[in-house]
Amino acid sequence: MSDSYVVNEKRELILDRVKEFIDQHGGVVRKKQLNELGIDYRRILDFVEKGDLVRIKNGYYTIRISDFTEEELIAKLFPDCVLNLDTALYAYGYLENRPFGFKLSVDKNTSKSRFRLDYPQVTPLYAEPETLETGVTVIAYGGAQMKIFEKERLVCECLKYEDKMERELFKEGLLAYIRDPKKDVARLMKYARERKVVKKVQTMIGVWL
């Protein structure tokens with residue numbers, strides 16, 4: 001039995017163990033977890049270079065990226081982030097066409113390097129941590145459970161950060177909310193006071209409520 005055969009057999013056994021480990025942990029694992037399994041970085045790099053594993057972004061690995069929807073990847077990579085602006089408007093059915101990428105609100109103290117990935121495309125919206133504690137709920141979206149601002153809080157976010165949105169999407173989203181029979185005006189005004197957009201609510205939405 002040649003040395004190369006023994007080396008290849010050992011490699012395949014390790015790879016099988018790694019794939020089983022990834023499956024057991026929801027399909028995505030961090031480098032730290034693989035290190036704790038006894039897999040060093042050179043071995044991980046070898047698996048990636050030969051196409052046995054996929055590096056989603058720095059320090060995160062999976063077997064096949066096609067196994068996940070974009071939403072599932074976002075939920076796994078950024079569980080602390082909150083869907084916001086046009087991404088959230090679309091998730092609520094307020095926009096007809098899906099916007100490109102994902103806009104996510106995140107604690108301003110979060111490392112910017114977290115968002116360096118080719119796919120899915122992510123735009124972080126850095127916020128004071130206390131602003132991410134109220135008006136947040138969870139919805140089923142794209143096969144994943146994702147954090148999102150409540151509709152009324154979302155409308156206030158859109159008004160506050162109007163300059164970060166395309167004009168047509170901004171108008172389409174607000175009109176859809178105005179037509180929503182389940183809108184809660186009292187809750188809207190509560191968040192408007194908290195987010196300091198009362199005047200905008202009164203001038204841009206109030207006439208239709």
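E157 sits in helix α6, which covers residues 151–160; helices (H or I, at least four residues) and strands (E, at least two) are DSSP runs, numbered from the N terminus. The model is predicted, so local features need pLDDT of at least 70 and side-chain atom pairs count only at pLDDT 80 or more, while totals for chains, interfaces and linings use all residues. Residues are numbered from 1 along each chain as its sequence is written, and side-chain values use heavy atoms, with hydrogens and water left out.

E157 is buried, at a relative accessible area of 2%. Buried means under 20% relative accessible area, exposed over 50%, and partly exposed in between (1.4 Å probe, protein chains only). The side chains of E157 and R153 are joined by a polar contact of 2.8 Å. A polar contact is a pair of N or O atoms within 3.5 Å; within protein, one must be able to donate a hydrogen and the other to accept it, and residues adjacent in sequence count only if both atoms are side-chain atoms. Leaving out residues up to four places away in sequence, E157 touches N84, L85, F149 and R195, where contact means heavy atoms within 4.5 Å.

L154 also has its place in helix α6 and is buried, with a relative accessible area of 0%. With residues up to four places away in sequence not counted, L154 touches N84, L85, A88, L89, Y92 and F149. L85 belongs to helix α5 (residues 85–91). Its phi is near 50°, a positive value in a residue other than glycine. K196, in the loop between α8 (185–194) and α9 (198–205), has a positive phi of about 60° although it is not a glycine.

| Residue | Relative accessible area | State |
|---|---|---|
| E157 | 2% | buried |
| L154 | 0% | buried |
| L85 | 0% | buried |
| K196 | 70% | exposed |

Three strands form an open sheet in the order β1-β3-β2, with antiparallel pairing. The strands β1 (28–30) and β2 (54–57) stand at the edges with a single partner strand each, so one side of each is left without a neighbour in the sheet. On average, and with direction ignored, neighbouring strands of this sheet are turned by 35° against each other. Two strands pair if DSSP finds at least two bridges between them; β2 and β3 (residues 60–62) pair in the antiparallel sense over three bridges. R55 stands opposite Y61 in β3. Helix α4 (residues 70–77) lies across β1, β2 and β3 and runs at about 70° to β2. Axes are lines fitted to C-alpha atoms, for helices over the stretch in contact, and angles run from 0 to 180 degrees between N-to-C directions.

Elsewhere, β7 (residues 136–141) and β8 (residues 144–149) pair in the antiparallel sense over six bridges, and V138 stands opposite K147 in β8. These two strands, β7 and β8, form a hairpin with two residues between them, and G142 in the turn has a positive phi of about 60°. A cis peptide bond joins Y119 and P120, with omega about -10°.

The chain has nine helices and eight strands. Its radius of gyration is 22 Å, well over the 17 Å that the globule rule gives for 209 residues, so the chain is more spread out than a compact globule. The radius is taken over C-alpha atoms, and the globule rule is 2.2 Å times the number of residues to the power 0.38.
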